[in-house]
Amino acid sequence: MTVTARDWLVAVDPQRVFADPASEWRAPHFAEVVAPIRALAAAHG
């Protein structure tokens, strides 16, 4: 993959509150995005 000055990675505030089953902010598929977010962040510094 070639990264250019126009390429961006944006992960908006992936906090634990989105994974908490008791939270009104719960995102049902939050656990599924943790690994991809970490991989993208590692790949793009």
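Guide: The following dialogue takes the chain as a whole and then turns to particular residues. Please keep in mind that this is a predicted model.

Visitor: How many helices and strands does the chain have?

Guide: A reading may begin with the secondary structure. Here the chain has 1 helix and 0 strands. The helix, α1, covers residues 30-44.

Visitor: What box do the C-alpha atoms of the chain fill?

Guide: Such a box is taken along the principal axes, and in this case its dimensions are roughly 40 × 15 × 15 Å.

Visitor: Which residues form a nonpolar patch on the surface?

Guide: The patch consists of Trp8, Val10 and Val12, which together have about 450 Å² of accessible area. Let us take one member of this patch. Valine 12 is found in the segment before α1. Because its relative accessible area is 70%, valine 12 is classed as exposed, the cut-off for that class being over 50%.

Visitor: How many aromatic pairs does the structure hold?

Guide: The structure holds 1 aromatic pair. Its partners are phenylalanine 18 and tryptophan 25, in an edge-to-face arrangement with 6.4 Å from centre to centre and 75° between the planes. The angle explains the name, because planes over 60 degrees apart count as edge-to-face.

Visitor: Why is phenylalanine 18 called partly exposed?

Guide: Partly exposed is the class between buried, under 20%, and exposed, over 50%. Phenylalanine 18 has a relative accessible area of 21%, and therefore it is partly exposed.

Visitor: Where do proline 21 and proline 36 lie?

Guide: Proline 21 belongs to the segment before α1, whereas proline 36 is placed in helix α1. With 68% relative accessibility, proline 21 counts as exposed; proline 36, with a relative accessible area of 41%, is partly exposed.

Visitor: How far apart in space are proline 21 and alanine 43?

Guide: One may compare separation in sequence with separation in space. Proline 21 and alanine 43 are 22 residues apart in sequence, and 30 Å lie between their C-alpha atoms. Proline 36 and aspartate 7 are 29 residues apart along the chain, with a C-alpha separation of 17 Å.

Visitor: How far apart are the mean positions of the positive and negative charges?

Guide: The chain has 4 positive and 5 negative charges, and their mean positions are 6 Å apart.

Definitions and conventions: Residues are numbered from 1 along each chain as its sequence is written. This is a predicted model: local features need pLDDT of at least 70, side-chain atom pairs count only at pLDDT 80 or more; totals for chains, interfaces and linings use all residues. Side-chain values use heavy atoms; hydrogens and water are left out. Patches are made of residues with over 30% relative accessible area and no salt bridge: like charges are joined within 9 Å, nonpolar side chains (Val, Leu, Ile, Met, Phe, Trp, Tyr) within 5 Å. Accessible areas come from the Shrake-Rupley method with a 1.4 Å probe; for residues, only the protein chains shown count as cover. A salt bridge is a side-chain nitrogen of Lys or Arg within 4 Å of a carboxyl oxygen of Asp or Glu. Helices (H or I, at least four residues) and strands (E, at least two) are DSSP runs, numbered from the N terminus. Buried means under 20% relative accessible area, exposed over 50%, partly exposed in between (1.4 Å probe, protein chains only). Lys and Arg count as positive and Asp and Glu as negative; His and the chain ends are not counted. The place of a charge is taken as NZ of Lys, CZ of Arg, CG of Asp or CD of Glu. Rings of Phe, Tyr and Trp (its six-membered ring) pair if their centres lie within 6.5 Å; planes under 30 degrees apart count as stacked, over 60 as edge-to-face and the rest as tilted.
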